[in-house]
Amino acid sequence: MATNGKEQRTRAERHQEVGHKGLQLGKESQHLLESDALYQYILEISVYPREPEPMKELRVLTAKHPRNLMATSADEGQFLNMLLKLINAKNTMEIGVYTGYSLLATALALPDDGKILAMDINRENYELGLPIIQKAGLAHKIEFREGPALPILDELMQDEKNYGSYDFIFVDADKDSYLNYHKRLIELVKVGGVIGYDNTLWKGSMVAPPDAPFEKYVWAYKDFVMELNKALAVDPRIEICMLPIGDGITLCRRIK
Amino acid sequence: MASKGEEQQTQAGRHQEVGHKSLLQSDALYQYILETSVYPREPEPMKELRELTAKHPWNIMTTSADEGQFLNMLLKLINAKNTMEIGVYTGYSLLATALALPDDGKILAMDINKENYELGLPIIQKAGVAHKIDFKEGPALPVLDQLVQDEKNHGSYDFIFVDADKDNYLNYHKRLIELVKVGGIIGYDNTLWNGSVVAPPDAPLRKYVRYYRDFVLELNKALAVDPRIEICMLPVGDGITLCRRVK
């Protein structure tokens, strides 16, 4: 790491700085922290020892799946679980399920008569994790619907009874649709309720140099994420908080 | 500007100036969060207090703006009404709390230094929330012991925020776990201690960072195995550990 003037840094060192302390920028890491070591510390001290057995089982199973980069990280699962308990959530929604880690974290947090409407375009992945959710005795809380979310949301919007009926909504899906989801979700979540948008810090790509070695898909969606962040920041119907957990979650508390 | 020696120290756990350091992969990312979502939303009194505090010599002690925003949201989400704060400094987190509580909300705030609190108090008063605050000058332990003696105080707090002397956190915890309600939260601040919790043994840490690091490590281990709480270590600010009392 260069200790002399900024002007003398090489390109490699500039990259190092954006993800400094041994963190390789562009490498598929599940965190935004200053070092892998710090992230590991958090996981080993406070997350893994506390992780419920079904969640561990699902995480280990998912790790073998080819698309496991989509999975919710363990620290994020723990946070969601705590948040849901803190707000006494009972009726929730999830857009983007994959194998169901955040879904399971949610189901474990809700009371026995809690309900989750879960949507994903891919039922197969959900069915990979379902046996574990069933074994945990929680599958009865989940209503899974396969397919894109927008038509389902539009359907919900047609009945005024659904307005303000959700305590918590978690969106972890196609980034280019988040703002379209938001238009509907802001009506469906209750005043005082929370919408959580996942991946809003998008690996830190919005502040990385243009030659940073991110995967194509990261660059492809970066502008959508930045646009979302700007829009949420000025939306007067919500109060927001961008948390650097996982790849960034923006909590939006509806106030009107 | 920092000399070479100080720059090396910077890498290894020195708390930098307000608004500069976070636990994130880059200052640029942290600035992005602040500029996109924190500063534009920061209530005017908080902004005023933050700027006033930035001129104070001990300003590294202050709660950062992103942390203040998070605390404010958390308190609203849990409908907190009766809270406690150990460690006030000029009152940034105290103000964030006061703004979140309902008009009849109450905060018992303790600090060994009343002067710093009085620096920020006019701003809190102007914001119309000073009536929620009961400030007690002095070390917290005697006050806590007094509270614990009366059973009526057991389980009477919705939220307790500890941002004080790290070598006493575990002593505070012994009392706070009785005073916070079941389902309520204790938040311990600075539990990632500028990232020094994972610094190699030969890293050039500042004396106070190194001194308190052992206490922070011990605290983190103790909270992790405490069966009366569920925990979550959040990398906000310098690390906050949220402890939700379950029994």
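Author: One term is needed at the outset: contact means heavy atoms within 4.5 Å. The structure is a predicted model.

Reader: Against which helices of chain A do the buried residues of H3(A) pack?

Author: In helix H3 of chain A, residues 53-63, the buried residues are Met55(A), Leu58(A) and Thr62(A). Seen down the axis of H3(A), they fall within an arc of 65 degrees, so they line one face of the helix. The partners of these buried residues in packing are helix H4 (74-86), helix H5 (101-109) and helix H6 (123-135) of chain A.

Reader: Which exposed residues does the face of H3(A) turned away from its buried side carry?

Author: An α-helix has 3.6 residues a turn, so residues three or four places apart point the same way. The buried side of H3(A) holds Met55(A), Leu58(A) and Thr62(A). On the face turned away from that side, the exposed residues are Glu53(A) and Ala63(A).

Reader: How many residues apart are Glu57(A) and Lys135(A), which meet in a salt bridge?

Author: The side chains of Glu57(A) and Lys135(A) approach to 3.0 Å, N to O, in their salt bridge. Glu57(A) counts as partly exposed because its relative accessibility is 31%, while Lys135(A), with a relative accessible area of 62%, is exposed. Glu57(A) belongs to helix H3 and Lys135(A) to helix H6 of chain A, so that the pair links distant parts of the chain, 78 residues apart.

Reader: Is Arg184(A) buried or exposed?

Author: Arg184(A) forms a salt bridge with Asp154(A) at 2.8 Å, N to O. Asp154(A) lies in helix H7 and Arg184(A) in helix H8 of chain A, so the pair ties together parts that are 30 residues apart in sequence. Asp154(A), at 32% relative accessible area, is partly exposed. Buried means under 20%, and with a relative accessible area of 18%, Arg184(A) is buried.

Reader: Which residues are joined into one network by salt bridges that share partners?

Author: The search of the whole structure finds 25 salt bridges over all chains. One of them joins the side chains of Lys175(A) and Asp172(A) at 3.8 Å, N to O, and both of these residues are buried. Salt bridges with shared partners make one network of Lys85(A), Glu230(B) and Arg244(B).

Reader: Which are the edge strands of the sheet in chain B?

Author: Seven strands of chain B form an open sheet with mixed pairing, in the order E3-E2-E1-E4-E5-E7-E6. An edge strand pairs on one side only, and here the edge strands are strand E3 (133-137) and strand E6 (229-234).

Reader: Which residue in E3(B) stands opposite Ile107(B)?

Author: Strand E2 of chain B, residues 106-111, pairs with E3(B) in the parallel sense over five bridges. In E3(B), the residue opposite Ile107(B) is Ile133(B).

Reader: What angle does the direction of H4(A) make with that of E6(B)?

Author: H4(A) packs on the sheet and touches strand E5 (180-189), E6 and strand E7 (240-245) of chain B. The direction of H4(A) and that of E6(B) make an angle of about 125 degrees.

Reader: What separation do the C-alpha atoms of Tyr39(B) and Ala65(B) have?

Author: Tyr39(B) is in the loop between helix H2 (27-38) and helix H3 (44-54) of chain B, and its relative accessibility of 28% makes it partly exposed. Neighbours within four places in sequence aside, Tyr39(B) is in contact with Leu34(B), Arg50(B) and Ala65(B). Tyr39(B) and Ala65(B) are 26 residues apart along the chain, and their C-alpha atoms are separated by 7.6 Å.

Conventions
Residues are numbered from 1 along each chain as its sequence is written. Chains are lettered from A and ligands numbered from 1 in the order in which they are written. This is a predicted model: local features need pLDDT of at least 70, side-chain atom pairs count only at pLDDT 80 or more; totals for chains, interfaces and linings use all residues. Side-chain values use heavy atoms; hydrogens and water are left out. Helices (H or I, at least four residues) and strands (E, at least two) are DSSP runs, numbered from the N terminus. Buried means under 20% relative accessible area, exposed over 50%, partly exposed in between (1.4 Å probe, protein chains only). The arc is that of the directions from the helix axis to the C-beta atoms. Two strands pair if DSSP finds at least two bridges between them. Axes are lines fitted to C-alpha atoms, for helices over the stretch in contact, and angles run from 0 to 180 degrees between N-to-C directions. A salt bridge is a side-chain nitrogen of Lys or Arg within 4 Å of a carboxyl oxygen of Asp or Glu.
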